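Please go through the briefing below with the sequence and the model side by side.

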Amino acid sequence: MKKISLIVGLLVAMPAAWAQGEDTYADFKAMMDRSFKTTGIASKHRIYQLDFQKACSSEKLPSKKEMARIEAEQMKTIRYPADGKYLGDWKEGEKIAVNGRGLTWTDKTPYNNGGGCYNCHQMSHHEISYGTIGPSLLEYGKLRGNGEEVVKYTWGKIYNAKAFNACSHMPRNGDAEILTEKQIKDLMAFLLDPASPVNKK
Amino acid sequence: MRHTFTILLAGFACGLLSGTAAASSEMDAIAKYRELLADGNPSELVAAQGEELWKTKRGPQQASLERCDLGLGPGVIKGAYAKMPRYFKDTGRVQDLESRLMTCMENLQGIEPKSIVDGKFLKGEREKVAALVAYVVTESNGARIDVDMRHPEMKKMYEMGKMAFYFRAGPMDFSCATCHGEEGKRIRMQDLPDLRTQKGAAAGWGSWPAYRVSNGEFWTMQHRLNDCFRQQRLPEPIYGSDVTIALSVYLAATAKGGTMLTPGIKR
């Protein structure tokens, strides 16, 4: 009896001695598991990662090949508007861009979220309280026009930024159901409509 | 004194709201604000409450915290926070200041940690912990950040804290590194320290806990991290949980050699 438990003990102990890295990762996962709780709409499940989130969770980016694989996979999630209309109301779009609320445990509902675009981007001529995590989008439409390619790319980028850059800092607004199709249309107009303050002083 | 203070506050808030200034305006404003309050940090009030609490006999065991060991021996407060988090032999755990204070409150005074862990920030016993924190960290103001990384448990917490820092999850795919992983970035007008570097971590770790001018509240490091996890759209970290301590070890170790400016003053 004693012998058996000794052997079992050794078997359990040995892999730890061989593979330090794996062991730390297992401990890390256990730590995450016991450190969080559900509060309001922010359910504890949110700490469980999607595969690409895991691949983008270290100091170094994944290999080029892995990034390309993720991007191809994310590209498949993009849904273009069924009615073929890409541009909504830029005035509504501006409000969505400014509004940084949504999906925290102090928000009442997982719907009616803002886009939080100003947290990361410069956009219009008049709003000077903008973040710099993303590139400036000032005069976005003026600089690029609104040819089909630009329109489709912009829609795709807002819908799922990871389709173009696997580990982008930018959220997957459409794919992760942060914003609705209508809201994305309004944001598209904010960026591309010549009358929008993004393009007009 | 109180009067001047309110006026200063109003002036400061207007400067921020009008938003006419350039990118570095907030840093300048804070630097100026710091100067103005150099000998009158509003945290002093909280710290004074904390000192009183430290010395008062409380809890089922009617004891004070004067024999609480923060790592430098029972009752030694001076410089203790600059060396935290640290591995504590008696509990066999790495602890940050707040989890250590809970240990002292439990062992010396008989106050159940559960009432604090399940409580709310700025309320009840957790608010008392915050006052104690203000007192303790004031006694490390100006000290060099000097966490002792020799113990294997500290090394492990550092590794896990680093993993937590880069851990992307939740509906917005954010990690700490999304907002604190590059130099010179900001969200709206708020400057974000690059917490991967010694300089950034020293500025970030070394100026917390802090008094927040925008809402007139004193926030501990647990409170700061809690709000960052909220902005990250993750679920809520449990008060004093290992992920918060691991992140603190990662930040403090990265900040090593910097100066504690505690309690800080924030926007």
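This is a predicted model: local features need pLDDT of at least 70, side-chain atom pairs count only at pLDDT 80 or more; totals for chains, interfaces and linings use all residues.

Residues are numbered from 1 along each chain as its sequence is written, chains are lettered from A in the order in which they are written, and side-chain values use heavy atoms, without hydrogens and water.

**Interface of chains A and B**

- Contact, meaning heavy atoms within 4.5 Å, joins 48 residues of chain A to 42 residues of chain B.
- The two chains bury about 4,200 Å² between them, 59% of it on carbon and sulfur atoms, where buried area is the accessible area (1.4 Å probe) lost on putting the two parts together, summed over both.
- Between chain A and chain B there are 6 salt bridges, each a side-chain nitrogen of Lys or Arg within 4 Å of a carboxyl oxygen of Asp or Glu.
- A salt bridge links A:Arg34 and B:Asp242, whose closest N and O atoms are 2.7 Å apart.

**Helix pair in chain B**

- The axes of helix α3 (residues 43-55) and helix α6 (residues 124-138) of chain B come within 7 Å and cross at roughly 100 degrees, the axes being lines fitted to C-alpha atoms over the stretch in contact, with angles from 0 to 180 degrees between N-to-C directions.
- α3(B) and α6(B) are therefore roughly perpendicular to each other, a term that covers 65 to 115 degrees.
- Residues making this contact include B:Trp54 of α3(B) and B:Tyr135 of α6(B).

Key:
Helices (H or I, at least four residues) and strands (E, at least two) are DSSP runs, numbered from the N terminus. Angles under 35 degrees count as roughly parallel, over 145 as roughly antiparallel, 65 to 115 as roughly perpendicular and the rest as oblique.
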